[in-house]
Amino acid sequence: MTDQAVVPVIDQSSPAVIAQHMRDYATKATSARTQAIYSSALADFRDFCAKYKLSALPATPDTVSGYIAFLAQSGMKTSTLNVRVSAIAKAHRLAKHPDPTDDEGFKAVFAGIRRAHGTAPHKKAPITLDVLKTLIGHLPDSPAGIRDRALLLVDYGGVFRRSE
């Protein structure tokens, strides 16, 4: 007889184990930050639906159109509206419900909101040479300061956008 504990063998090919692996991988499809943003967006949508006694899941295209129109009238930026629409669409797809954001009526409302409220970013003034000289003058002579100085000069000389 041996003193070793008996360890049960788990069949890695069982349907329950495979289903758990599938759920684990599905949660890794989006970052934790995206999941938190979508969760917050869906909570807001559910609150809106509860207030007006509407179904949040599944939602009708008219419900989602009304919600987005309400948010647009409240002053929400179109980039934030895009996030809300994406969260609602993903929740419907994951629940295997028809996506109300695929409806032509919803698409028309949302296109009208984007046209009325605009999607163009606010342009910022470019940095001037005097400001660049001041910035560079405040950088230390350390390796990090030399690196930052080089990056600023290359960026300025290349006339790059911030995103580039």
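Let us begin with Ile68 and its surroundings. Leaving aside neighbours within four places in sequence, Ile68 is in contact (heavy atoms within 4.5 Å) with Leu81, Arg84, Val85, Phe106, Phe110 and Ile113. The model is predicted, so to speak of local features requires a pLDDT of at least 70, side-chain atom pairs count only at pLDDT 80 or more, and totals for chains, interfaces and linings use all residues. Residues are numbered from 1 along each chain as its sequence is written, and side-chain values use heavy atoms, with hydrogens and water left out.

Among the residues with the most contacts inside the largest nonpolar core, which has 20 residues, are Ile68, Phe45, Val64, Tyr67, Leu81 and Phe110. A nonpolar core here is a set of buried Ala, Val, Leu, Ile, Met, Phe, Trp, Tyr and Cys residues joined through side-chain atoms within 4.5 Å. Buried means under 20% relative accessible area, exposed over 50%, and partly exposed in between, with a 1.4 Å probe and protein chains only. At least two residues of this core come from each of α2, α3, α4 and α5.

Next, the helices. The chain has seven helices and zero strands; helices (H or I, at least four residues) and strands (E, at least two) are DSSP runs, numbered from the N terminus.

How do α2 and α3 pack? Their angle is about 105°, and their axes are 11 Å apart. Axes are lines fitted to C-alpha atoms, for helices over the stretch in contact, and angles run from 0 to 180 degrees between N-to-C directions. The angle makes α2 roughly perpendicular to α3, a term for 65 to 115 degrees; under 35 is roughly parallel, over 145 roughly antiparallel, and the rest oblique. On α2, the contact involves Ala41, Asp44, Phe45, Phe48 and Cys49, and on α3 Thr63, Val64, Gly66, Tyr67, Phe70 and Leu71.

Ser65 also lies in α3. Is Ser65 buried or exposed? Ser65 is buried, because its relative accessible area is 9%. Beyond four places in sequence, Ser65 touches Gly105, Phe106 and Val109.

Finally, α4. In this helix, Thr78, Leu81, Arg84, Val85, Ala87, Ile88, Ala89, Ala91 and His92 are buried, and their cover includes α2 (32–51), α3 (61–73) and α5 (104–117). After α4 comes Lys96, with a positive phi near 60°. Over the chain of 164 residues, buried residues make up 22%.
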